Protein chains: 2
Amino acid sequence: MFRSFMPEALGEARAAALRGEVPVGAVITQGSQILAAAGNRTRELRDPTAHAEMLAIRAACAALGQERLEGCAIWVTLEPCAMCAQAIAHARLARLHFGAEDPKSGGTIHGARVFAHPQTHHVPEIHEGLEAAASAALLREFFSGRR
Amino acid sequence: MFRSFMPEALGEARAAALRGEVPVGAVITQGSQILAAAGNRTRELRDPTAHAEMLAIRAACAALGQERLEGCAIWVTLEPCAMCAQAIAHARLARLHFGAEDPKSGGTIHGARVFAHPQTHHVPEIHEGLEAAASAALLREFFSGRR
């Protein structure tokens, strides 16, 4: 078992908050090596698909020069939405670690529950709860600061 | 009511097949104007997120310089998967027209049924069946040619 990379994912989420982006961060690892790390950049890039997970998946695929990330893990501070969950399946990521649950917009263990259907052809091992309090606090602070 | 842009989407799907990609095409329109057109490029770009819809959404957002495509329509030859359906919601596209159903991998009217959950905060008007036979035939030919 490898150490948790959630501290690095949280660092990406904090950096996103400083850029004025919804603070979510993601890291992709192969064994004990970080292949890619990204924070949410939907505003900066004016791209509704630029969630942390999507940017990390694209960067990790570019780093390896392949469209599948078999054997790799993704560490995300928040439960992925349906878009990101399906991208995780398309990328064949072996493990998904996420921090806080997202009952409002999640698509992994809430809502669309992307991995619960036979139309999703790959299901990662899913672990939740690592640094969940810190992840949720970051989001809460961000949204309360904007009110 | 505007004319159908499914012929243009089918043209993108045919071009994808010629590149050795799974033949799916997408077009995004604003009124009677095409903002973006794309075919699947997952292999060429070695990017599992490079579905036709995702590339078209990103290109249309870049063309308008904004992360939302309110009032715009997307025309896709095949039922979107959960990733693309959720991206359509994130982009706030007003209408989704798709050709063939995809009982095996779809996430719009099959599987995750992304728009059927309160966690998906925007639901486009959905129209299906335009050029469905041509779209399905293209996919069938592509996969039978590879066997």
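Two strands are taken to pair if DSSP finds at least two bridges between them, and strands (E, at least two residues) and helices (H or I, at least four residues) are DSSP runs numbered from the N terminus. On that basis, in strand E3 of chain A, A:Trp75 is the bridge partner of A:Val27.

Colleagues, this is a predicted model, in which local features need pLDDT of at least 70, side-chain atom pairs count only at pLDDT 80 or more, and totals for chains, interfaces and linings use all residues. Residues are numbered from 1 along each chain as its sequence is written, chains are lettered from A in the order in which they are written, and side-chain values use heavy atoms, without hydrogens and water.

I begin with the sheet. Strands E1 (residues 25-30) and E3 (residues 73-78) of chain A pair in the antiparallel sense over four bridges. They belong to an open, mixed sheet of five strands, ordered E2-E1-E3-E4-E5. E2 (33-39) and E5 (125-128) of chain A stand at the edges with a single partner strand each, so one side of each has no neighbour in the sheet.

I turn to the interface. Contact, meaning heavy atoms within 4.5 Å, takes in 33 residues from chain A and 33 residues from chain B. How many salt bridges lie between chain A and chain B? The count is two, a salt bridge being a side-chain nitrogen of Lys or Arg within 4 Å of a carboxyl oxygen of Asp or Glu. One salt bridge joins the side chains of A:Arg58 and B:Asp47, at 3.4 Å from N to O.
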